Amino acid sequence: MEKKILWTISFALIFILWIKAGPFKSDDLDIERDDTSDLSALEQDADGATSDEKNYFKSHPIKDKNPDFSAITDVKERKKAFFHYLTPFVNEKNNLILRDRERLNTILSSNKKLSTKNKQWISTLRKDHKLKKLDNYTKDDIKALLNRLDIIPVSLVLAQAANESAWGTSRFATKGNNYFGQWCFRKGCGLVPESRDSDADHEVRKFNDARESVFAYIDNLNSNAAYKKLRAARLKLRQEKEDITGLYLVHGLEHYSERGQAYIEEIEGLINYNKLWRFNRYQPKPEIQ
């Protein structure tokens, strides 16, 4: 009888501990618990532009050609041209993101039942950002989407673009408009790296223009499981009403390159040396928590 009582008490204690530490635990900084992305950290795969992005590119064509950065021999002038060319694309993407965030926050602040139109829109956004499609969406589900649908500071984008494309002079940038070294895995989807291992099948993705490369890079950081740490850092800044900066988010890029911490320090150095924080225009606004 005593053994039975002890067993019952033990089971009850175990159950209570499981409730506290198990699936019912809620943590704002771990809001990506429904992450469905199964890409390895270093693949940086890009499935292509979303349907909304394709429509946007079609309705907002780019008329200007890429500058020939290699022809600009003065280093200061080349950097200036590089920043001047890419910055508008980053601001363009961030502006579209902020517009969607405003709509999501309006939905969060409303006590009305989610309309069919908004539900379909949220489902599409969650799919684009590698989150599960659900039959019904709670406020926590919308907040999980908000964590992924957010800006990437211009300073970080410019630093990585400069590093990955050799200031716009690399073969992948000039031949494929790829400024961030993103891979793809369908034969013919990009350019074959000259140093690729014989048993590898990845290519460096080709884009129609630099803007598409910038959009895909931001989508990658916002959806790939490898950059969950970066998004958690950004969420922390949002919650504390602090500016979102490249110097703060750069520490979430340990999986972007096989060089790990050395790569992070290199990007950090580019931001500091070139004072790239001066390009950060869009900053966080008070939001629903």
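This report describes charged side chains and their contacts in a predicted model.

Local features are given where pLDDT is at least 70, side-chain atom pairs count only at pLDDT 80 or more, and totals for chains, interfaces and linings use all residues. Residues are numbered from 1 along each chain as its sequence is written, and side-chain values use heavy atoms, with hydrogens and water left out.

**Salt bridges**

Side chains of opposite charge can pair when their charged atoms come close. A salt bridge here is a side-chain nitrogen of Lys or Arg within 4 Å of a carboxyl oxygen of Asp or Glu. The whole structure holds 9 salt bridges.

| Pair | N to O distance |
|---|---|
| Lys93 and Glu53 | 2.8 Å |
| Arg238 and Asp150 | 2.7 Å |
| Glu266 and Arg259 | 2.8 Å |

Lys93 forms its salt bridge with Glu53. This pair links distant parts of the chain, with Lys93 in helix α3 (residues 75-109) and Glu53 in helix α2 (residues 51-59), 40 residues apart. Helices (H or I, at least four residues) are DSSP runs, numbered from the N terminus. Both Lys93 and Glu53 are buried; buried means under 20% relative accessible area, exposed over 50%, and partly exposed in between (1.4 Å probe, protein chains only).

Arg238 forms a salt bridge with Asp150. Here too the pair links distant parts of the chain: Arg238 belongs to helix α9 (residues 228-239), while Asp150 sits in the loop between α5 (139-148) and α6 (154-165), 88 residues apart. Arg238 counts as buried because its relative accessible area is 5%, and Asp150 is buried at 2%. Arg238 and Asp150 also belong to a network of salt bridges with Arg101 and Arg234.

The pair of Glu266 and Arg259 has partly exposed members: Glu266 has a relative accessible area of 33% and Arg259 one of 43%.

Lys119 lies in helix α4 (residues 116-128). At 30% relative accessibility, Lys119 is partly exposed.

Ser110 is in the loop between α3 and α4. With a relative accessibility of 28%, Ser110 is partly exposed. Its side chain reaches the backbone nitrogen of Lys112 at 3.1 Å.

Note on methods:
Helix = DSSP H or I, 4+ residues; strand = E, 2+ residues; numbered from the N terminus. Polar contact = N/O pair within 3.5 Å; in protein donor to acceptor, adjacent residues only side chain to side chain.
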